[in-house]
Amino acid sequence: MSRRSLLRALGGGAAIGALAGCGVPAAYIGPGERGAPDRSRQDMKLTFANWPLYIDTDDDDAAKRPTLDAFEERTGIDVRYTEEINDNDEFFGKISPSLMNHQETGRDLIVISDWMCARFVRLGWVQEMDRSKQPNVTKYLDPLLRSPSFDPGRKHTVPWQSGITGIAYNKRKVGREIKQVSDLWADDLKGKVTLLSGLDESFALLMQGDGVDIAKWKADDFHRVCDRVEKLVAAKHIRRFTGNDYIKDLSSGDVLACQAYSGDVIQLQADDPDIEFVVPDEGAELWAESLMIPNLAGHKRNAERLVDHYYEPEVAAELAAWVNYVCPVPAARDILASSKDKELAALAEDPLIFPDDAMRGRLAIARDITSEERTEFAKRWNAIAGL
């Protein structure tokens, strides 16, 4: 079971997501009010909140996390690691009361999706990291991920893992290659196509199919996509809108082609080599789930050290080999390539973990949906997707 599949099984966050999607009260925190006295030196610990199944574990003892254990042993810093993030909106609802009321969250480091990171950055709810103390991040962070529109220069966020939203299809059953988003609308795929239900997960790839630069998209681009999707729904060409349950549909053959996440497809291919993942000719969205230090975190320096630990190529390679998402540290590829283990060495050649130059040239990070746009856009998209 993939990490994202498990999250869908866990569910949660729908009611809170609706509330969060409507925006929050004006609760901006200025730069001078975000920090707290740092207890890192005298209190050698930190609390790290992450998603389930998103860190390496020991094959014989799931309670052991080799990369995290190595950090604790090397630094003497005790890490309280919690797998408490099951949904971006749910977690937003969980910690936003503390942040908007200028209270400590009890967490020194969190991982959330970049579209949600954008909301935290806009509200001033996260602290700027000291890159002078993070030489590995400075040196090894993938250039493609260095400066998203919501956080220029990545001052407040650092990618934990990355991924691609593209197209997955059954090559044997379709009987031809799918190369463009428009190929999904071929007559023989009627009723056999699904799209992702979440607004933030769906819109960028569909815009790219129209030749839009998703780093600079406009409201007209969004509504043009919605117009097309509405017609395809009315014609019953789109079977349905899904979360990660597209995995089941694609495996069973109920669906022949769909929007999909690169990390899921790697796991699908292990069971069915006929499943292909495509970065369309027009491009695909590169996204990340990123590390942030929330306001008033009491162990900021310890958190910065842990972030930098995961940007050592050897550590990044060990993590990438376990989670199978796009690694934000390209230098980790050489580490895996030199492995004597054939399976590990093969991961270095997997373009869904280390995109090759041709694929990288077609990847882009989408401009985020602003708080002013979100209510209108979510209302229209959710009506189309039946949410």
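Start with the aromatic cluster: select Phe48, Tyr54, Tyr81, Trp160, Tyr246, Tyr261, Trp287, Tyr310 and Tyr325, which ring pairs link together. Rings of Phe, Tyr and Trp (its six-membered ring) pair if their centres lie within 6.5 Å; planes under 30 degrees apart count as stacked, over 60 as edge-to-face and the rest as tilted. A word on what is on your screen: this is a predicted model, where local features need pLDDT of at least 70 and side-chain atom pairs count only at pLDDT 80 or more, while totals for chains, interfaces and linings use all residues. Residues are numbered from 1 along each chain as its sequence is written, and side-chain values use heavy atoms, with hydrogens and water left out.

**Stop 1: inside the ring cluster**

The structure holds 15 aromatic pairs. Zoom in on Tyr246 and Tyr261, a tilted pair with 6.4 Å centre to centre and 55° between the planes. Tyr246 sits in helix H10 (residues 246-252) and Tyr261 in strand E7 (residues 257-261), so this pair links distant parts of the chain, 15 residues apart. Helices (H or I, at least four residues) and strands (E, at least two) are DSSP runs, numbered from the N terminus.

Trp287 belongs to strand E9 (residues 284-292) and Tyr261 to strand E7, so their pairing ties together parts that are 26 residues apart in sequence. Buried means under 20% relative accessible area, exposed over 50%, partly exposed in between (1.4 Å probe, protein chains only).

**Stop 2: charges over rings**

Now pick Trp217 and look for Arg367, which lies over the face of the ring at 3.7 Å from its centre. Then go to Phe92, where the charged end of Arg119 sits over the ring, 4.8 Å from the centre. A charge sits over a ring if NZ of Lys or CZ of Arg is within 6 Å of the ring centre and within 35 degrees of the ring normal.

**Stop 3: salt bridges**

Side chains of opposite charge can pair when their charged atoms come close. A salt bridge is a side-chain nitrogen of Lys or Arg within 4 Å of a carboxyl oxygen of Asp or Glu, and by this rule the count comes to 24.

Select Arg154 and Asp114, whose closest N and O atoms are 2.9 Å apart in a salt bridge. Arg154 lies in the loop between H6 and strand E4 (158-170) and Asp114 in helix H5, so the bridge ties together parts that are 40 residues apart in sequence. Arg154 is buried, with a relative accessible area of 1%, and Asp114 counts as buried too, at 9%.

Next, bring up Arg374 and Asp200, which meet in a salt bridge at 3.0 Å, N to O. Arg374 is in helix H17 (residues 371-385) and Asp200 in helix H8 (residues 199-208), 174 residues apart.

Then try Arg333 and Glu349, with a salt bridge at 3.1 Å, N to O. Here Arg333 is partly exposed, at 28% relative accessibility, and Glu349 is exposed, at 54%. For a network of salt bridges, select Asp210, Asp221, Arg224 and Arg228.

**Stop 4: two loops**

Arg176 is in the loop between helix H7 (171-174) and strand E5 (193-196). Its side chain makes a polar contact with the side chain of Asp188 (2.7 Å). A polar contact is a pair of N or O atoms within 3.5 Å; within protein, one must be able to donate a hydrogen and the other to accept it, and residues adjacent in sequence count only if both atoms are side-chain atoms.

Move on to Ser132, in the loop between helix H5 (114-123) and helix H6 (135-140). Ser132 counts as exposed at 62% relative accessibility, and its side chain makes a polar contact with that of Asp130 (2.5 Å).

**Last stop: the cysteines**

How many disulfides does a search of the whole structure find? The search finds 0, a disulfide being a pair of cysteine sulfur atoms within 2.5 Å. Cys258 is buried, with a relative accessible area of 0%. Finish at Cys327, which is in no disulfide, the nearest cysteine sulfur being that of Cys117, 18 Å away.
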